[in-house]
Amino acid sequence: AQDKLVSTLKVVKAKKVTPRAVVALIDTGINPYSVAFRDKSPLARRHPSKYIPGYPKDARPLRLSLDLPYEKAIKKDEKKWTLVQRGKLYWIPGTRIVGAISFGAGGTNCPSVEVPPANGFLQGDCKEHTILDDHGHGSMTASRAAGAPNSLAPDARIVAIEGLGAGSVEWAMKAPWIDVQSNSWVNLVPPPVPSGTTTAFADAAKEMLTLAASGNGAVYLAGVAPTPTYLLSTAPA
């Protein structure tokens with residue numbers, strides 16, 4: 001799957017700039033303060049619509065304190081994060097994150113009755129920020145896909161989609177300026193086939209390279225002995 005991602009990432013042709021591929025990560029959000037997403041080139045200060053054909057011109061810049069240590073940056077930017085709206089597309093100047101949008105909590109574990117989450121740890125006061133990764137998984141997958149300096153496609157641009165499910169898959173599918181979408185999540189309750197999730201993946205695969213987790217389970221959660229993994233993958237595309 002990794003070789004296929006590298007070989008089939010399409011480049012976006014634009015005037016007077018190096019072509020870039022755009023990869024969407026549907027996950028738990030992203031931590032834009034991470035150095036893995038930093039970009040000091042002039043491209044990182046230009047609105048993505050200037051060099052990515054079809055990119056929405058009304059996407060808003062989310063200007064963050066990238067020059068501060070994480071804890072200080074979060075404190076300084078707290079008001080900015082409270083103003084971020086779900087369903088609105090942002091881009092983050094100074095980074096390779098050309099798109100960031102939220103359709104839900106993205107896996108932040110805030111149950112009314114605490115149970116061990118799939119990531120194996122409880123989340124303290126369970127604070128949930130829109131787009132900002134409160135879980136960690138989304139930042140990890142994004143850095144492996146298109147982080148710097150070492151990743152599958154270090155020159156690619158990133159679109160972070162917070163919120164797991166068919167709706168996010170369909171949103172990415174309907175964005176012609178996105179070349180690839182990657183999904184490292186599954187339904188906690190295996191859905192029937194067909195279902196909204198399986199249909200969304202099948203449709204998305206017709207439009208773009210679509211990668212979906214398979215057997216993405218943990219310690220018998222939704223699995224059975226002797227294989228501690230999910231009974232059904234997110235569905236083959």
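A residue counts as buried when its relative accessible area is under 20%. Keep that cut-off in mind while looking at this predicted model.

Start with strand β1, residues 22–27. Six of its six residues are buried, so by the cut-off each has a relative accessible area under 20%. Cover comes on both faces. On one side sit Val22, Ala24 and Ile26. On the other sit Val23, Leu25 and Asp27.

Now look at the partners of β1. Strand β5 spans residues 157–162 and pairs with β1 in the parallel sense. Six bridges join these two strands.

Next come the charged pairs. Side chains of opposite charge can pair when their charged atoms come close. The structure holds two salt bridges. One joins Arg157 to Asp39, with the closest N and O atoms 2.8 Å apart. This pair links distant parts of the chain. Arg157 belongs to strand β5, while Asp39 lies in the loop between β1 and β2, 118 residues apart. Both Arg157 and Asp39 are buried.

The other salt bridge brings together the side chains of Glu162 and Arg86, at 3.6 Å from N to O. Glu162 lies in strand β5 and Arg86 in the loop between α2 (70–83) and β3 (90–91), so this contact ties together parts that are 76 residues apart in sequence. The two residues differ in cover. Glu162 has a relative accessible area of 0%, so it is buried. Arg86 is at 39% relative accessibility and therefore counts as partly exposed.

Move on to the segment after β7 (209–212), where Ala213 lies. Ala213 has a relative accessible area of 12%, so it is buried. Its C-alpha is 6.0 Å from that of Trp185, although 28 residues separate Ala213 and Trp185 in sequence.

Finally, turn to the surface. Arg45, Arg63, Lys76 and Lys80 form a positive patch there. Arg45 is found in the loop between β1 and β2 (60–61). Its relative accessible area is 59%, so Arg45 is exposed. Asp39 is in that loop too, but Asp39 is buried.

Definitions and conventions. Residues numbered from 1 in each chain as written. Predicted model: local features only at pLDDT ≥ 70, side-chain atom pairs only at ≥ 80, totals over all residues. Heavy atoms only, no water. Patch = residues over 30% accessible without salt bridge, like charges linked within 9 Å, V, L, I, M, F, W, Y side chains within 5 Å. Areas by Shrake-Rupley, 256 points an atom, 1.4 Å probe, with all protein chains shown as cover. Salt bridge = Lys/Arg side-chain N within 4 Å of Asp/Glu carboxyl O. Lys, Arg positive; Asp, Glu negative; His and termini not counted. Charge placed at Lys NZ, Arg CZ, Asp CG, Glu CD. Helix = DSSP H or I, 4+ residues; strand = E, 2+ residues; numbered from the N terminus. Buried < 20%, exposed > 50% of the residue type's maximum accessible area, 1.4 Å probe, protein only. Pairing = 2+ DSSP bridges.
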